[in-house]
Amino acid sequence: MSSKEGSGGFRKRKHDNFPHNQRREGKDVNSSSPVMLAFKSFQQELDARHDKYERLVKLSRDITVESKRTIFLLHRITSAPDMEEILTESEVKLDGVRQKILQVAQELSVEDMHQFHRAITTGLQEYVEAVSFQHFIKTRSLISMDEINKQLIFSTEDNGKENKTPSSDAQDKQCGTWRLRITPVDYLLGVADLTGELMRMCINSVGNGDIDTPFEVSQFLRQVYDGFSFIGNTGPYEVSKKLYTLKQSLAKVENACYALKVRGSEIPKHMLADVFSVKTEMIDQEEGIS
């Protein structure tokens, strides 16, 4: 056995040759030294940042859930005669969502939003989808990103209600107001998700005997698809990824309009929804094969 090996057959480490008391000196570190104080401040800053990130994730989850509930509520309009009542109820729900967004704005008041964007992007996309869906039902048009951002200016005077008058960041700090800006990527991804809800709205309206809505939705989706086509693969990865889903929704709506135009007079209104559901399944199978 080599002389460098101990009784157990393991090679002795180099620092085993040092006296025991010299190897233990590292434990007696001066906690008041500038280096230790600096690292303690780093630890506190990282812990605070991590806690804030977790709070933003929870708020984003709440925003997503409430926005989805608003969308489900708006889908009842096609089968309910009290359209104004449902729109009013949806506005109340969206006000509740904006109160959650106010909490996000307060959390990010002294932070760079882009450092925490990943924590809140899912909720913001779902909120854009809900707001744009409600706006389309009211006006048959697409809400702009500036209009959405104007709704996300909050002040202490109205206890969290939206302040419709935009102001600069310097004035915001003086007047005690908070704002949260939707990024272009969040806006585009929310609009892309909107097309799926419009496709469902189109099919549901046909089942209820509404023949005008599918053609309005089809024309609107063509314009949205043309806009996304200009972006193509030059935009963010998530946008180009959702372009395929948008194309699927447009194809289903156009198929419904085609059946209405060509065979609408032949098929009873109560059977139109069944015809569309069969054709939709055929389109899905063809896309899966290709």
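From the N terminus on, the elements of the protein chain follow the order α-α-α-α-α-β-α-β-α-α-α-α, which amounts to 10 helices and 2 strands. Helices (H or I, at least four residues) and strands (E, at least two) are DSSP runs, numbered from the N terminus. The model is predicted: local features need pLDDT of at least 70 and side-chain atom pairs count only at pLDDT 80 or more, whereas totals for chains, interfaces and linings use all residues. Residues are numbered from 1 along each chain as its sequence is written, and side-chain values use heavy atoms, with hydrogens and water left out.

Of the 290 residues of the protein chain, 38% count as buried, that is, under 20% relative accessible area with a 1.4 Å probe, protein chains only. The protein chain exposes about 17,500 Å², of which carbon and sulfur atoms supply 53%; accessible areas come from the Shrake-Rupley method with a 1.4 Å probe. Among contacts (heavy atoms within 4.5 Å) between residues at least 6 apart in sequence, 70% join residues at least 24 apart.

Helices α7 (residues 184–207) and α9 (residues 237–263) pack at an angle of about 20°, with their axes 9 Å apart. Axes are lines fitted to C-alpha atoms over the stretch in contact, and angles run from 0 to 180 degrees between N-to-C directions. Therefore α7 is roughly parallel to α9, a term for angles under 35 degrees. The contact residues include the following.

| Helix | Contact residues, among them |
|---|---|
| α7 | Leu188, Ala192, Met199, Ile203 |
| α9 | Val239, Leu246, Val253, Leu260 |

Notes:
Angles under 35 degrees count as roughly parallel, over 145 as roughly antiparallel, 65 to 115 as roughly perpendicular and the rest as oblique. Buried means under 20% relative accessible area, exposed over 50%, partly exposed in between (1.4 Å probe, protein chains only).
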